[in-house]
Amino acid sequence: MKQKGNRSGNIFGKKMHLTWTELIAGIAMILIGLVLLIWPGIATSLLFGAIGAVCIIIGVVYVVRYCMLEAKLAITSFDLSLGLIWILGGVLVIVFKNLLISLLPMLFGLIVLIGGVIKIQSTLGFRRMNATRWYIELICAIISIAFGVIILLNPFSTALLLMRVIGIALVIEGAMDLISRIFYKKTCDAFFIETHFSD
């Protein structure tokens, strides 16, 4: 049976692995979900407080760095402007924290909904590669889309309940994403190996 070159695994000659970006994104989504689930009220408030504080710190670093520059370097540097913009942004995030918190359901709802749409493409990929359990990915896609729609419609009586539902959705979405990507890459490897050796 003739092999094409020294390739093994997929068409690129190497196996597909879960990237650090995918791994970190999945774990981060699960952690954020757990925080929202356990401490819904505190978590949303601290989230934007932390973001605002980080922006202000970054701005202060830029301003201090500008002040330490020599005159001939300072005239061509935008560190002062960038620093003031970062500081202003951080202050605005803290001041308008309640407004931003009110937008969280829309943001997280869209994230979960988009995740479901992406899983639909993964489902088609599984199906085209003749994966035996491709329907599991379809079920995951339906669950994600359902959670996304529910969060966007917000039929809940209290904000705390909504945050807990968002937390549950993010935990499930993050776990499904990690599992889905692992199985998708393994299925791709098996498919490319099979088609490679069958040529």
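A salt bridge here is a side-chain nitrogen of Lys or Arg within 4 Å of a carboxyl oxygen of Asp or Glu. Hi everyone; a search of the whole structure finds 3 of them.

Some housekeeping: this is a predicted model, where local features need pLDDT of at least 70, side-chain atom pairs count only at pLDDT 80 or more, and totals for chains, interfaces and linings use all residues. Residues are numbered from 1 along each chain as its sequence is written, and side-chain values use heavy atoms, leaving out hydrogens and water.

Let's begin with Asp79 and Arg65, whose closest N and O atoms are 2.9 Å apart. Asp79 sits in helix α4 (residues 79–95) and Arg65 in helix α2, so this pair ties together parts 14 residues apart in sequence. Helices are DSSP runs of H or I, at least four residues, numbered from the N terminus. Asp79 counts as buried at 11% relative accessibility, while Arg65, at 44%, is partly exposed. Buried means under 20% relative accessible area, exposed over 50%, and partly exposed in between, using a 1.4 Å probe and protein chains only.

Glu173 belongs to helix α7 (residues 159–198) and Lys119 to helix α5, so parts 54 residues apart in sequence are tied together. Lys119 also pairs with Asp177, at 2.6 Å, N to O, and those two are 58 residues apart. Lys119 is buried, with a relative accessible area of 2%, whereas Asp177 is partly exposed at 25%. Thanks, everyone!
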